[in-house]
Each structure stands twice: as structure tokens, then as C-alpha cells.
Amino acid sequence: MNFLYILDLIGTAAFAASGAWAGIRRDMDLFGVLVLGMVTATGGGTLRDMLLGDFPPFCLKNEAYLFISIAVSLAVFFLHRRLGFLQHPLLYFDAIGLGTFVVIGTGKALEYQMGFIGAVCMGIITATAGGVVRDVLSNQVPLILRKEVYASACLAGGALMVLLHHTPLPPALVATVAALTVIALRLLAIRHNWSLPRAQT
Amino acid sequence: MNFLYILDLIGTAAFAASGAWAGIRRDMDLFGVLVLGMVTATGGGTLRDMLLGDFPPFCLKNEAYLFISIAVSLAVFFLHRRLGFLQHPLLYFDAIGLGTFVVIGTGKALEYQMGFIGAVCMGIITATAGGVVRDVLSNQVPLILRKEVYASACLAGGALMVLLHHTPLPPALVATVAALTVIALRLLAIRHNWSLPRAQT
Amino acid sequence: MNFLYILDLIGTAAFAASGAWAGIRRDMDLFGVLVLGMVTATGGGTLRDMLLGDFPPFCLKNEAYLFISIAVSLAVFFLHRRLGFLQHPLLYFDAIGLGTFVVIGTGKALEYQMGFIGAVCMGIITATAGGVVRDVLSNQVPLILRKEVYASACLAGGALMVLLHHTPLPPALVATVAALTVIALRLLAIRHNWSLPRAQT
């Protein structure tokens, strides 16, 4: 039970909570809230494994991820009015999950000999595809396509990781630097309300 | 040509009809109606096989499923005004399909050594993911996330099947009991208009 | 670097441009426009490879496809007001891409021993699934399900290719005839504003 695994489970719980809350806001029933929590937490890593050809995906190999997603979604469903105080701290846990998922996804793609673009894409997909599916199931244009420096933080961290991967730096240091880059960019973006440019129309 | 296979084809036809009807209601053209019929009927089993790593998916191994989906969708497209009398009986065939798909999906996941949560999820996905894709393509929040005891009937039947799988009961009996549970819950839910709770907001 | 590969890259660029333009019209930010360009250009072939069990998918094996998609999407994002004159010619490049993608997808499915329906479906999926994902991410009912002879041109060309595949004609001739059929039908449909029938409701 190493440190990265603990961060991974914290990120999974944070993503499940954000998915379950989205389901409640969209007036879904208990089953819908459960599905949104599970999909948000495990959808990105599942799509990554399906693209890399690693079957069954991580969450079917180790059911801890699904178990945590279900437990967190149930807690949010039944206690969400008492859990309001968690909404703000959740942003920080979500950022931790974002950085962890990028590092895990990019690292796995490098193990599978993906090229530069492919490895960075796998990191971004691991961290964001669950949220995209959550938004598609909620019948909304995915948030990350419209605003906020969210996926871009993943892009920066993933690209940094692939570049440093080809240096003699120890892998654990590379992963830590990449994850902290994602987390720092994400927290700065929240604090300063950063957003990407849109095309002038 | 065993009994389960016949039920599977009946369920496929019922799901294709419901998908094609949804396409007509959404004012789609002939091609759109065909796609919705095929996706509703074969999408769940296809996603299950893609997650389990069984390639190509069942409907590309045995084209009978695609053939039936196309034939039914064409019939609904051209004759839907004369087929109105089928709308009510269709609910019963749909329930038969639901029970059959859950048993097939859960059983296949158990063969692939999935754990408890994974096996139940594969049963639910087999039975409901086609309808979810149908609703996403129709630009609607998937019905099963919002109301009706539909996926929950699958959950109950799948969980029962995994539990009984670890008893000395003969597999055919386990499958029959699980399928009948799904069908009975679904029909009772239709009759009594059951629905799951929503979070109090 | 053969002729089909050059057509494939031209089609990729045309599809990426149409995806990026859709992102701009939907008021997405830079990241969203990039994702829509990449998904539209490579989504169909990726889904085909995932269904056939060929991992990793083509665009992760050869990053030229992703590189072109990114370059074209960036160009559209930053220069779209100066590129207005390309909108009309783009329809022709898009038609070339359509024919090429159908032939590549159907041909690959035949190599993988798919049956008639499966091979035709793989051709249609290769050519159209990227656009379907683009529309779903834009929160719209996919265009090809509603109007225009677009997927039907793919269906006709793919079916012709599978039929001719079983004759002694040389494969290069079969592929050329099938691709030209798709392109001709698509251009005629644009010129004469053809559309498929809808169900009378």
C-alpha cells in the first residue's frame, strides 16, 4: 500500500463525490446518482485501459475503486444536506485526484511505449474522461470543453512528465514534480479564476 | 439452439423495436431509426464484451443479432402506424429481454472471474447500456438515471445470481431464478408505478 | 507512402477542420476546439479498432494522425476568420475523407474475417463515428441520424466493396470503385439536397 495508491483512492473518492452531487443537482434518482458517481470516478481510467488494450480495466481488477465510489455516492445521496461544508474542501481533494490521475495515466502509457502525444493524451483522458461522461449523461456540454483551466493543467503536467521521463531523473521524482504541477496550476486557476481564450467570432 | 438463445433473440427484437420507436418519435430519418434500433439491441452486450476484453464482441461473431435488429427496425419504420397494438405487449417482451440480458451478462462476467461488484455491473451494463446510448444519441438524459425501477431490477437479479453462483445449486436453476426475479420486479414496477427515491433538495 | 495513405491524411485534416469549426460555433475554449478536432478526425477509426480488438488503435500507433488533427485545429482556432474561403472547398475534402475512411474501415474488417453486416458497419463507423461523438459532445442529436445522405453513401460504398471483394477483381480496383461511389453519392447529395425519408407520423 504505497503513497501513490493512497492518493489514487483519495482522488477516486473526491471524483465520486463530485459525480454524485452532479446527479443530485440534475434531479436523478438513487440509481442515477450511483452511476454518475461511479462513472466520474472510474470512467477515465477505464477508457485509458480500453485504449491501451489492458483488459479487464483497472477497476474490474481491483474492486476497491468501485467499492469506494459506491460508498461515497451513497453517503452523498443520503447526507448531502449535512455535507455542504465539504463542498469547498472537495475542490482541493479534486485537485489532488487530478494530479494523481494524470501521473498514473501518463506513466502507464509510457510503460506501453506510447509516443509523446499519445502519452499526454492518456494522462488527460485518465483525469478528465470520467467527468466528460458525467456531463454527457447529464445532457450538458462537458464543462472542460467550455471553461476553466482544468484539462490544460493536466496537459501541462503530462507533457512535463513525458519530457522528464527521458532524463536520468528518478521516476518517483518525475512523477511528484508532474503531479504537483497539475495541482498547483489547478489551484491557481481556481483562485485567480483563470480561463482559456475562445475564438473571436 | 437452446432455450436461453431463443430468449436472447426475443429480447434483442424487443430492444430493437423500442430503439426504433424512439428514433421515430425524435423525428430521425431511416438511417437514424436503424442506428437507434441496432444500438439499443446490441450496445449493452458490445460494451460488456469490450470491457471483458472479448474481441470481436458477440454481435460481430454471430450476425444474427444485427440481422434481427435491422429487420425489426425496418419493420417499425415502415409499419409503425399499423403496429400500434404492439406497444403494450412490447413492455412484456422488453422485460423478458431485461431478465435474459442480465443473466447472460452476469454469467459471462463470472466465467471471466470478475468479483461481486464487477459481475453485477456487467449484468446491468448488458441489459441497460444500449438504452443509455439510445438516449444519449437522442440528446436526452438517460431514462434509467431518472425514474422507474428498471436498472434496480437488474441489480437485484444480478446480485442474486452472483450469491447463488457460490452455492451448490445447478447453474441452469440459478440463471432461471435470477432472470425470473428481474422480470417479476420489472412487471410489478410497471403495474404499481414504482420508482426509486430522489435526494431531498 | 502510398496513395491511400495520402488520401487518409487529407481526410483526417478535413475532418479535424470540421470538428474544430463546430467547437468554435459552440463557443468552446481552445482546449474544447482541440478535443473536437481530434475526436472528429480520429474517433471513428479508434472505435473501429477497439471493436476489432486491434490495440492500441491506429492513431496511437502512428501519431501523424493526432499531429495533423492538432495542427489543423490550432490553425482553425486562430485563423478561422481568414479561413472562411475554405468552408466550401472543405465539403469536397470531407467527401474524399468519407470515401477513404469507408474503404479503409471495410477493408480492415474483411481482413479480420468479419461477416457482411459487420464489415459494412465497420466502414460506416470508421467514417461517421467521429462526427457522432463531436455532436454528442456538443450536446446535439448527431447530424447523420437526422438528415442528409451522408451515412447512406458510406453504406452503399461499403456494401459494394464487400460484394466485389468476393469477385476475382484486384483489391486496389475494388477499393477505388467503392471510394469513388461514396464520394460521388455524397457530392450528388450535396448538390441536389437529397435526404432520406422519415417515418410518417
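Figure 1. A:Asp49 belongs to helix H2 of chain A, which spans residues 30-52; helices (H or I, at least four residues) and strands (E, at least two) are DSSP runs, numbered from the N terminus. When residues up to four places away in sequence are not counted, A:Asp49 touches A:Asp54, A:Pro57, A:Phe58 and A:Lys108, contact being defined by heavy atoms within 4.5 Å. The side chains of A:Asp49 and A:Lys108 are joined by a polar contact of 2.9 Å, a term for a pair of N or O atoms within 3.5 Å of which, within protein, one must be able to donate a hydrogen and the other to accept it, while residues adjacent in sequence count only if both atoms are side-chain atoms.

Residues are numbered from 1 along each chain as its sequence is written, chains are lettered from A and ligands numbered from 1 in the order in which they are written, and side-chain values use heavy atoms, with hydrogens and water left out. Because the model is predicted, local features need pLDDT of at least 70 and side-chain atom pairs count only at pLDDT 80 or more, whereas totals for chains, interfaces and linings use all residues.

**Figure 2. The salt bridge between A:Lys108 and A:Asp49.** The side chains of A:Lys108 and A:Asp49 also meet in a salt bridge, with an N to O distance of 2.9 Å; the term covers a side-chain nitrogen of Lys or Arg within 4 Å of a carboxyl oxygen of Asp or Glu. This pair links distant parts of the chain, 59 residues apart, with A:Lys108 in helix H5 (residues 87-111) of chain A and A:Asp49 in helix H2 of chain A. A:Lys108 is itself buried, its relative accessible area being 15%.

Figure 3. The structure holds 15 salt bridges over all chains. In chain C, the side chains of C:Asp49 and C:Arg48 form one of 2.9 Å, N to O. C:Asp49 counts as buried at 0% relative accessibility, and C:Arg48 counts as buried at 3%. In chain A, salt bridges that share partners join A:Arg48, A:Asp49, A:Asp54, A:Lys61 and A:Lys108 into one network. In chain B, a salt bridge connects B:Arg134 with B:Asp135, their closest N and O atoms lying 3.0 Å apart, and both B:Arg134 and B:Asp135 are buried.

**Figure 4. The largest nonpolar core and the contacts of C:Leu145.** The largest nonpolar core has 179 residues, and those with the most contacts inside it are A:Leu145, B:Leu145, C:Phe31 and C:Leu145; such a core is a set of buried Ala, Val, Leu, Ile, Met, Phe, Trp, Tyr and Cys residues joined through side-chain atoms within 4.5 Å. With residues up to four places away in sequence not counted, C:Leu145 touches B:Met28, B:Asp29, B:Phe31, B:Gly32, B:Val35, B:Leu36 and B:Leu137.

**Figure 5. The rotation that relates chain A and chain B.** Chain A is superposed on chain B, with an RMSD of 0.0 Å, by a rotation of 120° with 0.0 Å of shift along its axis, the copies being superposed by least squares on the C-alpha atoms of residues with pLDDT of at least 70 in both. The two copies are thus related as by a three-fold rotation axis. In chain A, the C-alpha of A:Asn139 is the one nearest the axis, at 3.8 Å from it. Only 14% of the interface residues of chain A are also interface residues in chain B, so the copies meet through different surfaces.

**Figure 6. The interface of chain A and chain B.** This contact takes 28 residues from chain A and 32 residues from chain B. Between them, chain A and chain B bury about 2400 Å², with 71% of it on carbon and sulfur atoms; buried area is the accessible area (1.4 Å probe) that two parts lose on being put together, summed over both. The count between chain A and chain B is zero salt bridges, together with four residue pairs in polar contact, both residues at pLDDT 80 or more. On the side of chain A that touches chain B, the elements that give two or more residues are H2, helix H4 (64-79) and helix H6 (116-137) of chain A. H2(A) gives the most to that side of chain A, with eight residues.

Technical notes: Buried means under 20% relative accessible area, exposed over 50%, partly exposed in between (1.4 Å probe, protein chains only).
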